[in-house]
Amino acid sequence: MTATQPNGRWVIAFSLLIAFLLSGVALPGVLDRFRPDWVAMVLIYWCMALPHRIGIGVGWGVGLLLDIGRGGLLGQHALALAVVAYLTLQVYRRIRLAPIWQQTFSILVLLAIERILIFWISGVIGYPPQDWWYLAPAVGGMALWPLLFVVLRDVRRYFQVS
Amino acid sequence: MASLKPSGRIRHLFEVNPKAVLQLGLWGALSIALMTVDHRYHAIDSVRDVLATAVYPLHVLMRLPTDTRNWLTEKWSSRSRLLEENARLREKQLLLNVQLQKLTALEAENRRLRSLLESAVNTPERVLMAELLTVDFNPYRHHILLNRGRQHGLYVGQPVLDQHGVIGQIIRADPLTSTAILITDPNHALPIQVNRTGVRTLALGSGNLHELELPHIPHNDDVKVGDVLVTSGMGGRFPRGYPVGTVTSVKFDPGSPFARIIAKPMAQLDRIREVMLLDNDPPIIAPDASDAVAAWTP
């Protein structure tokens, strides 16, 4: 607890980078519709684990990178991820206490809010969603949360990121 | 006896951090401002240029697994297989060459006939290749990102094709990458012509990668299932005569003045990897087609 120097900045950046790359990898067949928002999930994890370091600003910046990387509207993912980071910061104390399988429900809600925000903005600029499939990635993210949580927790412990 | 007053710890669980609210407000306002400026004014295109160039290494990294696999397959494929492929390609080239001979003769004849009619001659276009980087996150918006940009000579409005037909057009050209809109995007309309009868109309994107809508054809026009649609050259963006799709369903609804016609794009829009960009900087047909119509009417 004496360590005041923030460490593991590169671990966090690297995990977000991997998530960024993963988000561009297509899954086979119908599974692709459930391709989770990896970046949002990793962001939620770090917001929960290190709420004093990772927050709204980081979420916004990462979201902006996504917008640029995907050639979308600048600020769309930035806003969505900033809101997700904010919500996570408000509820992380409650989520952290729960067992992993219960956490998945909170994650589902957070990811669904992110999707709804993104598609709400898309609707405003003339691309309204035409079916309910746009929420599928939130379900995919929910299913993969336990795996991601365990992996990132081990990574965090191994590199003693605090 | 524990008191019923909530302890500090429990209060802590439901605490709202006022600083976070302020922060969210600031970042939220910033993103809304950014989106408005980006969407309405295109005022930050130069900023986007810089950022897009900065993100470019990430795209390269994203493609690394595919590229490595392709490279390894090439590197380690056996000699006999390469020889076999070589022979096959040689055979195919021979076949194509024979067809090309016929085509050259036809083209010459076509040009002569056209010059007799004093109509515009189709000039051969320069073709540029590009590869797909990513597709849009939004499944209802059919935009793709290509690995060529302004530096390679791309420009906004450039037609994009694959080996089967028209894919779409460039809507934003950054220095190293560019964004193309597909013909199936709900906001895209393509001037087309039914190859068999010459009926001209628009093909609108449906939001579904396998469907185009032709909503402006009256009941009594001659359109049948299986008809091939080609670009009409109207609008000046696309040169005429490139295949677009085939009609898959024609339905007549007595209550509506127009037939409900659905076509399937020729290009395989869901499995794009490499695309061709036509370079025809001066538009084939002047955007203002009214002169032509006026000249034609007796």
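This is a predicted model: local features need pLDDT of at least 70, side-chain atom pairs count only at pLDDT 80 or more; totals for chains, interfaces and linings use all residues.
Trainee: Let's start with chain A. How many helices and strands does chain A have?

Mentor: Chain A comes to 6 helices and 0 strands. Read from the N terminus, its elements run α-α-α-α-α-α.

Trainee: And why can chain A be called as compact as a globular protein of its length?

Mentor: The idea is to set the radius of gyration beside a rule for globules. For 162 residues the globule rule gives 15 Å, and the radius of gyration of chain A is 15 Å, so chain A is as compact as a globular protein of that length. Its C-alpha atoms fill a box of roughly 55 × 30 × 30 Å along the principal axes. As for burial, 47% of the 162 residues of chain A count as buried. Contacts tell you about the fold too: among those in chain A between residues at least 6 apart in sequence, 68% join residues at least 24 apart.

Trainee: Now to chain B. How should I read helix H3 of chain B, and what span is expected for its 32 residues?

Mentor: A general point to begin with: an α-helix has 3.6 residues a turn, so residues three or four places apart point the same way. In this structure, H3(B) covers residues 45-76 and reaches 44 Å from its first C-alpha to its last, close to the expected 46 Å. Look along the helix for a bend as well: a kink of about 45° lies at Leu64(B), shortly before Pro65(B).

Trainee: Does H3(B) lie largely in the open or is it buried?

Mentor: Of its 32 residues, the number buried is 2, so H3(B) lies largely in the open.

Trainee: Which elements of chain B supply the side that touches chain A?

Mentor: Count the contacts, then sort them by element. Here, 37 residues of chain B are in contact with 34 residues of chain A. Helix H1 (8-13), helix H2 (18-41), H3 and E2 of chain B each supply at least two residues of that side. H2(B) gives the most, with 11 residues.

Trainee: E2 brings me to the strands. In what order do the strands of chain B close into a barrel?

Mentor: Follow the pairing from neighbour to neighbour. In chain B, 6 strands close into a barrel in the order E1-E2-E5-E4-E3-E12, with antiparallel pairing. From one strand to the next, the twist averages 45°. For a close look, take E1 (residues 126-135) and E2 (residues 143-146) of chain B, which pair in the antiparallel sense over 3 bridges. Val135(B) has Ile144(B) in E2(B) as its bridge partner.

Trainee: Which residues does Val194(B) touch?

Mentor: Leaving out residues up to four places away in sequence, Val194(B) touches Val199(B), Val223(B), Asp227(B) and Leu229(B). Asp227(B) is 33 residues from Val194(B) in sequence, yet their C-alpha atoms are 6.7 Å apart.

Trainee: Where does Leu229(B) lead, and which residue stands opposite?

Mentor: Leu229(B) stands opposite Gly245(B) in E10(B). Strands E9 (residues 228-231) and E10 (residues 243-251) of chain B pair in the antiparallel sense over 3 bridges. E10(B) is also joined by 6 bridges to strand E11 (residues 260-265) of chain B, again antiparallel. There, Lys251(B) has Arg260(B) in E11(B) as its bridge partner.

Conventions:
Residues are numbered from 1 along each chain as its sequence is written. Chains are lettered from A and ligands numbered from 1 in the order in which they are written. Two strands pair if DSSP finds at least two bridges between them. Helices (H or I, at least four residues) and strands (E, at least two) are DSSP runs, numbered from the N terminus. Axes are lines fitted to C-alpha atoms, for helices over the stretch in contact, and angles run from 0 to 180 degrees between N-to-C directions. The radius of gyration is taken over C-alpha atoms; the globule rule is 2.2 Å times the number of residues to the power 0.38. A residue is buried if 20 or more other C-beta atoms lie within 10 Å of its own, exposed if 12 or fewer, and partly exposed in between; C-beta atoms are placed from the backbone. Two residues are in contact if their C-beta atoms, placed from the backbone, lie within 7 Å. The expected span of a helix is 1.5 Å times one less than its number of residues. The bend at a residue is the angle between axes fitted to the seven residues ending there and the seven starting there.
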